[in-house]
Structures are given as structure tokens and as C-alpha cells.
Amino acid sequence: MGAVLIPTRMTNAIGITVGPSADLGSELTFIKELGYDAVELAPDAFNLLFSGHLQLPLLREFLPILERHALRYTVHSPASLDLRDLSDYDLQMRMAESVVEFCRLINAEMLTLHFEQQ
């Protein structure tokens with residue numbers, strides 16, 4: 001008989017995008033109480049990116065708040081991230097690397113990246 005794989009997490013989550021608030025911890029608690037499983041975060045919306053770099057002092061405050069909540073996290077990249085922008089390639093690459101690092105730091109399961117038409 002074959003092995004049965006039992007996922008450790010739900011495969012389909014119900015999520016919502018969260019923006020900056022006066023009390024992110026309370027907002028995440030409320031979201032969980034409403035029945036959501038996942039939250040999408042944009043690091044630029046929380047001012048965690050500046051000039052393509054993650055802002056470590058702000059992350060030190062931000063990460064423990066996420067860790068206290070039993071939610072799954074996904075990331076929405078900044079609208080300004082455009083890897084087709086060769087005129088500012090270094091900044092775009094720094095930003096892309098920082099967004100991927102942010103995903104790693106919060107154990108994000110997915111990264112959403114849109115290219116806006118310029």
C-alpha cells in the first residue's frame with residue numbers, strides 16, 4: 001500500500017491584504033478572529049524599504065508582531081519594482097533582492113509581482 005501524505009498546513013487559505021495601522025498586532029488578532037488564515041503584506045507600505053534596502057531597525061519591531069500570530073504570510077512587491085527598468089538596474093536589483101529577503105524573514109509562501117505599464 002502506498003504512503004499517505006498528510007499536509008502540515010491547509011493547502012488553500014483565505015487571506016486579506018493588510019496595510020499600516022496604529023496597532024498591527026491588534027489588527028492581526030482581529031483578522032484571525034474573523035476567520036482569515038493568511039495576510040498579504042507589502043514591505044514598502046510599512047516603510048520597510050528605502051532606496052532598495054530593508055530598514056533593519058523597523059524590521060526589528062515589525063517581525064516579532066508577525067511571529068505572535070498564527071497566520072500565513074504572503075508578500076506583494078512594491079509597484080515601483082520593475083526588472084525591465086534598465087536605466088536604474090542597480091536600484092531595481094537591490095529592491096528585488098530586499099523583497100526576496102523580506103519573504104524569507106517572514107516565511108512568506110508566495111510573492112506577488114506585477115509590472116505596471118510605463
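Visitor: Leaving aside its neighbours within four places in sequence, which residues is L41 in contact with?
Guide: Quick ground rules: this is a predicted model, where local features need pLDDT of at least 70, side-chain atom pairs count only at pLDDT 80 or more, and totals for chains, interfaces and linings use all residues. Residues are numbered from 1 along each chain as its sequence is written, and side-chain values use heavy atoms, leaving out hydrogens and water. Contact means heavy atoms within 4.5 Å. With those close neighbours set aside, L41 is in contact with V18, F46, F62, L66, Y73, T74, V75, H76, F102 and I106.

Visitor: Which residues touch the most other members of the largest nonpolar core?
Guide: A nonpolar core is a set of buried Ala, Val, Leu, Ile, Met, Phe, Trp, Tyr and Cys residues joined through side-chain atoms within 4.5 Å. The largest one here has 25 residues, and those touching the most other members are L28, L41, F62 and F102.

Visitor: And which elements give two or more residues to this core?
Guide: Helices (H or I, at least four residues) and strands (E, at least two) are DSSP runs, numbered from the N terminus. Those giving two or more residues are helix 1 (24–33), strand 2 (38–41), helix 2, strand 5 (72–76) and helix 3.

Visitor: Are F62 and F102 buried or exposed?
Guide: The cut-offs are under 20% relative accessible area for buried, over 50% for exposed and partly exposed in between, using a 1.4 Å probe and protein chains only. F62 has 6% and F102 has 0%, so F62 is buried and F102 is too: buried.

Visitor: How are the rings of F62 and F102 arranged: stacked, edge-to-face or tilted?
Guide: Rings of Phe, Tyr and Trp (its six-membered ring) pair if their centres lie within 6.5 Å; planes under 30 degrees apart are stacked, over 60 edge-to-face, the rest tilted. That gives 2 aromatic pairs. Here the centres are 6.1 Å apart and the planes at 40°, so the pair is tilted.

Visitor: Which strands stand at the edges of the sheet?
Guide: Two strands pair if DSSP finds at least two bridges between them. This open sheet of 4 strands runs 1-2-5-6, with parallel pairing. Each edge strand has a single partner, so one side is left without a neighbour in the sheet: these are strand 1 (15–17) and strand 6 (111–112).

Visitor: Where is S77 found, and which residues is S77 in contact with beyond its neighbours within four places in sequence?
Guide: S77 is in the loop between strand 5 and helix 3. With 2% relative accessible area, S77 is buried. Beyond those neighbours, S77 is in contact with V99, L111, T112, L113 and H114.
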